[in-house]
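Me: I would like to go through some of the labels attached to this model and see what each of them rests on. Please set each value against its definition before drawing a conclusion.

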Amino acid sequence: MAGGGVTTEHFDTVLVVDFGAQYAQLIARRVREAHVYSEIVPHTITAAEIAERRPAGIIFSGGPASVHVDGAPRIDPAVYDTGVPILGICYGAQLVSLQLGGEVAKLGRGEYGKTELSVAEAGGVLFGHDLPRHQTVWMSHFDSITRAPDGFDVVATTDVVPAAAFENRDRGIYAVQFHPEVVHTPHGQDVLKHFLYEACGCRPSWTMSSIIETSVEAIREQVGGDRAICGLSGGVDSAVAAALVHKAIGHQLTCVFVDTGLMRRGEGEQVVETFRRHQGIELIHVRAADRFFERLAGVTDPEAKRKAIGELFIRVFEDAAGGIEDARFLVQGTLYPDVIESGTADAAKIKSHHNVGGLPEDMDFELVEPLRNLFKDEVRRVGEELGLPEEIVWRQPFPGPGLGVRIIGEVTPDKVETLQHADAIVREEIRRADLEREIWQAFAVLPDIRSVGVMGDERTYAHPIIIRAVTSEDAMTADWARLPYELLERMSSRIINEVRGVNRVAYDVTSKPPGTIEWE
C-alpha cells in the first residue's frame with residue numbers, strides 16, 4: 001500500500017471541486033501558494049463525503065460548459081448547507097447563482113480576456129478595504145450572472161455583468177465571475193487570500209519546513225526499522241524523494257542508479273557525486289551503456305525504442321536490486337498530478353514507475369511516496385530546503401528513455417555523443433541568458449537526415465540539429481518559446497562550429513497541441 005507522504009490532517013484543507021476547467025490544478029496551486037493545503041475532488045462528491053473530509057473551505061472551479069445545457073455538471077445541493085465556506089469561480093459562480101435562485105442568461109455578448117471590474121464601496125469579504133475600487137481581471141465566459149440569489153450582496157460589476165462578484169457572509173458563500181487564479185488578474189491572489197483567511201479562517205501553515213517535518217514523521221512510522229530502495233533516474237522527483245526518505249531513515253535507504261548512457265552530458269557523474277558524496281546516501285551505480293547500445297542496434301521505430309529501453313532498464317534494475325533481498329519498501333517520486341490523473345487509486349504492488357521505465361508487476365514491495373501530495377513547484381522548493389544543489393533541483397524534465405527518443409532513427413554511441421554536445425550548448429546558452437526558470441524545457445534533437453552545406457569553401461553533407469524550447473505550466477499544453485534572435489544565433493553558431501558532423505541548425509515553432517514536446 002502506498003504511503004509515506006505528507007500527513008495532511010495537520011493542515012487546514014481547502015477542496016477544489018473540478019468542473020472540467022483547465023485551471024483546476026492552477027487554483028489548487030494558488031491556494032497552496034497562500035500556504036494553505038488544497039486537494040482536487042470531482043464534482044460528483046456528495047455533501048456527506050465533504051463532511052467526512054472536514055475541509056476549512058470549498059472552491060468551485062470554472063468549466064467549459066454552460067450551466068443551461070443538458071448534462072452540465074452540478075454539485076450536490078446539500079453542499080450549500082454544510083456550513084463550509086464556498087467560493088465559486090466562473091462556471092462555479094454561475095452554478096452558485098443558478099442553484100440558489102439567481103439568474104444566469106446570455107446577454108448577446110461574452111467577456112474574454114482583460115476586463116475592467118468596478119468594486120462596490122464596501123468591498124465585502126472578497127475585496128475588503130485594501131484592494132482598489134477599479135481593477136483589471138481576466139474573464140472567459142459567454143453566459144452572464146444577471147441577478148444574484150436573494151440575500152446576497154453584489155460586490156462587483158462590469159460593463160457586461162451586473163453581478164460579477166457576490167457574497168452572503170452569513171451563509172459563507174462567495175462567487176466571482178472572473179478568474180482570480182491567473183496572473184492576468186493582478187489582485188486575484190489577494191481575493192483568494194481574503195477568502196482563505198477571512199471567510200475560512202485558514203492558518204497559513206502549509207510551508208516547506210512543515211511539509212518536510214510531517215513527511216519525515218510519516219516515513220518513519222511507515223518504514224519502521226526495515227530497509228527501502230529507490231530507483232534514481234537523475235530527475236528532480238526521484239532525487240527529492242530519495243533525499244527526503246534519507247532524512248527520515250538514513251542508512252536504511254539504498255539508491256540504485258542505472259546509467260544507460262542515454263543521459264545528458266555529465267549527468268551520470270553529477271548524480272553520483274550529489275548522492276554518494278554530498279548527501280551521504282548508499283548508492284549502487286550501475287554502468288550499463290554498452291548493454292543499452294547493444295539492445296538498440298538496428299531499432300528505429302519510436303515505440304520499439306521506448307519498449308526496448310524500458311524492458312532492459314527493468315532487467316538491469318532487478319540485477320542491481322538483487323543484492324538487497326531484505327528491502328521491503330520501494331521509494332517512488334509520484335507527484336500529486338500523477339495521483340489526480342490515475343484516479344487516486346492506491347495499489348499494493350508496483351505496476352509502473354515513470355522514472356525508471358516501468359517496474360515489473362511481480363516486484364512485491366510496499367510503496368513509499370513522500371511527494372504524492374505535492375505539485376512540481378513544491379517539490380523543487382522541498383529539494384532546496386533539503387539542501388540539494390540547484391542543478392539537481394531545477395533540472396528540466398527529461399524523458400524516461402533519455403536521449404534515445406531525441407535521436408530520430410537508430411541510436412548509436414556516435415549519435416549520442418553528437419547530441420549530448422549540441423544539447424549541452426543549448427542548455428548552457430539558456431542559462432547564460434537567465435531564461436532557465438522561464439523555459440519549461442529546452443533541448444536539442446538529432447533527426448535521421450543529412451543536408452548539404454558549405455564550410456571553409458568546401459561542400460559538406462552532415463546532420464542538422466533541431467532546437468526545441470517550450471513554455472508550459474504543467475506539460476499538458478505548451479507553447480514554443482519566443483527566444484531572442486540573438487540567443488538563437490549564438491546557439492546556432494556554437495553548435496555548427498563546435499559539434500563535429502553538424503552543418504545546419506533549425507528551430508521548432510510548433511505548440512502542443514498539435515505537436516508534442518518531445519519528438520518521439
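Me: Where does P513 lie?

Reply: P513 lies in the segment after β19 (502-507), where strands are DSSP runs of E with at least two residues and helices are runs of H or I with at least four, numbered from the N terminus. This is a predicted model, in which local features need pLDDT of at least 70 and side-chain atom pairs count only at pLDDT 80 or more, while totals for chains, interfaces and linings use all residues. Residues are numbered from 1 along each chain as its sequence is written, and side-chain values use heavy atoms, with hydrogens and water left out.

Me: What is omega for the cis peptide bond that joins K512 and P513, and for the one that joins P513 and P514?

Reply: Omega is about -15° for the cis bond between K512 and P513, and about 10° for the cis bond between P513 and P514. P514 is likewise found in the segment after β19.

Me: Why is I86 called buried?

Reply: I86 has a relative accessible area of 0% and is therefore buried, given that buried means under 20%, exposed over 50% and partly exposed in between, with a 1.4 Å probe and protein chains only. I86 belongs to strand β4 (residues 86-89), and, neighbours within four places in sequence left aside, its contacts (heavy atoms within 4.5 Å) include I58, F60, Y174 and F195.

Me: Why does H35 count as partly exposed, and why is R54 called exposed?

Reply: H35 counts as partly exposed because its relative accessibility is 36%, whereas R54 is exposed because its relative accessible area is 72%. H35 sits in the loop between α1 and β2 (37-42) and has a positive phi of about 65° although it is not a glycine. R54, in the loop between α2 (47-53) and β3 (57-60), is also a residue other than glycine with a positive phi, near 50°.

Me: How do you know that α1 is mostly covered?

Reply: Nine of the ten residues of helix α1 (residues 24-33) are buried, among them A24, L26, I27 and V31.

Me: What makes the span of α7 close to the expected one?

Reply: The expected span is 1.5 Å times one less than the number of residues. Helix α7 (residues 236-249), with 14 residues, reaches 20 Å from its first C-alpha to its last, close to the expected 20 Å. Of those 14 residues, 13 are buried, and the helix is followed by G250, whose phi is positive, near 55°.

Me: Why is α14 called roughly antiparallel to α15?

Reply: The axes of α14 (residues 413-432) and α15 (residues 485-498) come within 10 Å and cross at roughly 150°, which makes the two helices roughly antiparallel, as angles over 145 degrees count as such, those under 35 as roughly parallel, 65 to 115 as roughly perpendicular and the rest as oblique. Their contact has seven nonpolar, one polar and six charged residues, with I425, V426 and I430 among those in α14, and L487, M491 and I495 among those in α15.

Me: What makes α6 roughly perpendicular to α12?

Reply: Helices α6 (residues 208-223) and α12 (residues 376-385) pack at an angle of about 80°, with their axes 10 Å apart, so α6 is roughly perpendicular to α12. M208, S209, I211 and I212 in α6 meet E378, R381, V382 and E385 in α12.

Terms used
Axes fitted to C-alpha atoms, helices over the stretch in contact; angles between N-to-C directions. Nonpolar A, V, L, I, M, F, W, Y, C, P; charged D, E, K, R; others polar.
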